Amino acid sequence: MENLNRYIKHDLNQLFYKKRNMYFYLFLLALFLFDTFYTVYIQSAFDIEDSVYWYVFLENSFSLIRGLYFIIIPLLASFPFASQYFYEKKSNFRNYLIVRGNRKAYYTSKLLVSFGSGFFIIFSVLIINYVICYFVYPHNLVIGGTFVEPDDGAFLQNVFHHSPSLYQLMYIVINSIAGGIFSLFAFSLSLILNYKSEFLVLGVPFILFSIQAVVLYFVFPQVDILTIIQPATRFAFVSPITFEHILSCLILWSLLIIFAFSIGYKKERDLT
């Protein structure tokens, strides 16, 4: 446990205090704040329903970046930490760290911080937007008007009717969990593949997620991880996305990550 704590402390230092990560956090925060207040400015010029439920980021049709967000979220979630192992391996610092502790604790820390970093970066920007919107806009809503309710059987249908605020908050959590999965998958692949540059550490998983999104769009979009994180899917399909679809998607990606990590972990078994 002492070794694990030491590795986690090291990884968290890299996550939060590395200069390029700090610039990334500031850029992302500025981008989301700009998008939030741009929406306030644009919305004020139109005579339309003025309700917080319309303007939380994941629902916001006025957003400049929401459409792009649902495409590049794997990159956003992976950028802060997914390449840390690549740098440590490339510089042989990995060997130094493992000798000072043990291999199991080293990789366990990488798993925990990889998921935590992806969860944290997505949750942070979405919850900041969520809080600002709830201060700026009134909490009134006409369901069935311009704000479409979920289809029968859709995921979180009962939560939506009980509390749209909680419904939107739960989608923030789902996006954050997906962020953790994106980061974990990128890290797991970096154990298997001998990347030559950081660009590939981030680019290869992003391409794979994009390919699966295109394929599943024609086959079974209800289990596409880039689709299930979008609240608008409550009414967008002939057959609604259900809790079983969400759970199946998360379980399948978790199993894939376990499989990829296991292969990579065995590949590195010569380390002591």
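S165 counts as buried, at 16% relative accessibility; buried means under 20% relative accessible area, exposed over 50%, and partly exposed in between, with a 1.4 Å probe and protein chains only. Before I continue: this is a predicted model, in which local features need pLDDT of at least 70 and side-chain atom pairs count only at pLDDT 80 or more, while totals for chains, interfaces and linings use all residues. Residues are numbered from 1 along each chain as its sequence is written, and side-chain values use heavy atoms, with hydrogens and water left out.

S165 belongs to helix 9, residues 164-192; helices here are DSSP runs of H or I with at least four residues, numbered from the N terminus. What does S165 touch, leaving aside residues up to four places away in sequence? The residues are Y53, Y130 and Y134, where contact means heavy atoms within 4.5 Å.

I turn now to helix 1. Buried in helix 1 are L4, Y7, H10, D11 and L15. Viewed down the axis, these buried residues fall within an arc of 135 degrees, so they line one face of the helix; the arc is taken from the directions from the axis to the C-beta atoms. The face turned away from that side carries the exposed residues E2, K9 and Y17.

Against what do the buried residues of helix 1 pack? Their partners are helix 2 (19-43), helix 5 (84-90), helix 6 (93-99) and helix 7 (103-136). For helix 7, the axes lie 9 Å apart at an angle of about 40 degrees; axes are lines fitted to C-alpha atoms over the stretch in contact, and angles run from 0 to 180 degrees between N-to-C directions. Residues of helix 1 at this meeting include L4, Y7 and L15, and those of helix 7 include Y106, L112 and F120.

Finally, two loop residues. N92, between helix 5 and helix 6, has a positive phi near 65 degrees and is exposed, at 52% relative accessible area. L156, between helix 7 and helix 8 (157-162), also has phi near 65 degrees, but counts as buried at 12%.
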